[in-house]
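The following note sets out numbered points for a colleague who is examining the coordinates. Each point takes up one part of the structure.

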Amino acid sequence: MKWLDKVRPNIMSLIPYSSARGEFKGKASVFIDANENPYDAEFPYNRYPDPLQSDLKNLIADWRNVKVDQIFLGNGSDEIIDILIRVFCIPGRDAIYTFKPGFGMYKVAATINDISISEFPLDTTFQLDVDSFLANMPVNNKITFLCSPNNPTGNSINLSKVKFLCEKTDSIIVVDEAYIDFSEKSSAISLLSDYPNLVVLQTFSKALGGAGIRTGMAFAHPELVNIMNKVKMPYNISRSNQMEAIRLVKDIKKLEEIVEQVKIEKSKLKNALSGLNNVIEVYPSDANFFLVKFDNANAVYDSLIREGIVVRSRTNQYNCAGCLRISVGTPAENQKLMETLTKINQ
Ligand SMILES: *Cc1c(COP(=O)(O)O)cnc(C)c1O
């Protein structure tokens with residue numbers, strides 16, 4: 001496997017931290033191996049959590065229709081982005097590749113690791129010209145990050161383009177699908193069995209309503225999952241976070257109903273925003289937010305802040321002059337937003 005050659009040699013040969021409980025197989029009733037407090041008062045929090053999160057992964061495997069050994073869990077997708085960079089990229093030498101405007105964490109994680117980042121411009125309608133994207137890939141690129149649906153623009157990258165890139169390069173192709181549950185388009189998970197260099201990122205932070213439990217998911221080739229498990233901190237997902245994530249996945253029907261409600265609110269919000277005469281464009285979105293171009297974005301932003309409404313200014317992002325990113329809120333929040341925007345506009 002060509003992609004395997006891209007793993008840093010020091011990571012390839014790394015002997016990971018090993019706990020006694022990870023080493024023994026079988027059943028036991030006395031656990032005096034980890035210097036924990038044995039008294040039950042704080043049970044189960046007096047005990048270390050499962051380092052490989054097996055109960056949670058079993059549920060995710062059924063729900064996402066993948067194998068348990070294709071799942072890696074991180075302390076948010078943010079941790080997974082950092083781990084991928086540390087697995088593949090040699091500081092001071094290697095690069096990652098993505099497009100702009102896009103999600104800011106790739107650059108932050110690259111910079112922390114002393115990895116250079118090259119950002120290819122999307123066109124004015126935020127589409128990716130995949131041929132010239134490929135042609136401009138830096139020679140020292142190890143990981144290509146594709147955000148789809150893209151933050152902050154809201155549109156998706158066609159799966160045929162993902163496929164094309166997986167085929168034409170042995171770069172690791174990461175598709176960040178933080179917003180996939182709001183989208184009608186299908187996940188790149190369906191391509192995993194064909195492309196060992198593909199990694200799909202999803203998260204509990206958006207549609208699943210678990211931003212506070214810091215749990216991100218990567219779906220990848222089992223060999224890569226093993227390598228990532230060696231690099232992560234041994235107990236990267238706390239016991240309480242694992243328990244809460246299990247609760248959310250078990251209750252997935254309820255979350256799916258909430259997502260349907262968000263979609264209804266989203267289409268109402270789109271109509272309302274489009275009707276404002278200082279709005280130049282509401283960009284098409286497969287996510288739970290809109291990028292909106294105003295003819296007076298900074299004034300709108302300031303007026304909203306004065307009314308206690310916080311939106312995300314994206315005016316300094318590439319090709320996003322005049323743009324604010326607005327999440328779909330509750331009906332009451334959306335109503336307050338629209339009343340305020342209408343008032344500002346008079
Ligand atoms: C919100 C978001 C995430 C989520 O990150 P977490 O660390 O899992 O909370 C990842 N990628 C993108 C593009 C996002 O917008």
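Predicted model: local features only at pLDDT ≥ 70, side-chain atom pairs only at ≥ 80, totals over all residues.

1. Tyr48 belongs to the loop between helix H2 (20–23) and helix H3 (54–64), while Tyr235 belongs to the loop between helix H8 (222–231) and helix H9 (239–250), so the pair ties together parts 187 residues apart in sequence. Tyr48 is partly exposed, with a relative accessible area of 39%. Tyr235 is partly exposed as well, with a value of 27%.

2. A further stacked pair is formed by Tyr106 and Phe145, with 4.6 Å from centre to centre and 15° between the planes. Tyr106 is located in helix H5 (residues 105–112) and Phe145 in strand E4 (residues 141–147), so the contact ties together parts that are 39 residues apart in sequence. Are Tyr106 and Phe145 buried or exposed? Both residues are buried. Elsewhere, Tyr97, Phe99, Phe120 and Phe133 make up one aromatic cluster.

3. The strands deserve a separate point. An open sheet is formed by 4 strands in the order E8-E9-E11-E10, with antiparallel pairing. Its edge strands are E8 and strand E10 (312–313), each of which pairs on one side only. Strand E8 (residues 279–282) and E9 pair in the antiparallel sense over 3 bridges, and the two form a hairpin with 6 residues between them. Within this pairing, Glu281 stands opposite Lys293 in E9.

4. E9 also pairs with strand E11 (residues 323–327), in the antiparallel sense and over 5 bridges. There, Phe290 has Ile326 of E11 as its bridge partner. Why is strand E9 described as largely enclosed by the rest of the structure? Of the 6 residues of strand E9 (residues 289–294), 5 are buried, so the strand is largely enclosed.

5. The ligand is surrounded by 13 residues, and the closest are Tyr179, Thr203, Ser205, Lys206 and Arg214. For Tyr179, a polar side-chain atom lies 2.6 Å from a ligand oxygen atom. For Thr203, the distance between a side-chain N or O atom and an oxygen atom of the ligand is 2.6 Å.

6. Helix H8 has these buried residues: Leu224, Val225, Ile227, Met228, Asn229 and Val231. The elements that cover the buried residues of H8 include H1, H3, strand E1 (71–74), helix H4 (76–88), strand E6 (198–203) and strand E7 (216–219).

7. Two further residues may be considered individually. Ile15 is found in the loop between helix H1 (9–12) and H2, and this residue is exposed, with a relative accessible area of 76%. The C-alpha atoms of Ile15 and Leu224 are separated by 15 Å, and the two residues are 209 residues apart along the chain. Asn334, by contrast, is buried, with a relative accessible area of 7%. Asn334 lies in helix H12 (residues 331–344). Leaving aside residues up to four places away in sequence, Asn334 touches Glu265, Leu269, Val328 and Gly329.

Methods: Residues numbered from 1 in each chain as written. Heavy atoms only, no water. Buried < 20%, exposed > 50% of the residue type's maximum accessible area, 1.4 Å probe, protein only. Phe/Tyr/Trp six-rings, centres within 6.5 Å; stacked < 30°, edge-to-face > 60°. Pairing = 2+ DSSP bridges. Contact = heavy atoms within 4.5 Å. Near = heavy atom within 4 Å. Polar contact = N/O pair within 3.5 Å; in protein donor to acceptor, adjacent residues only side chain to side chain.
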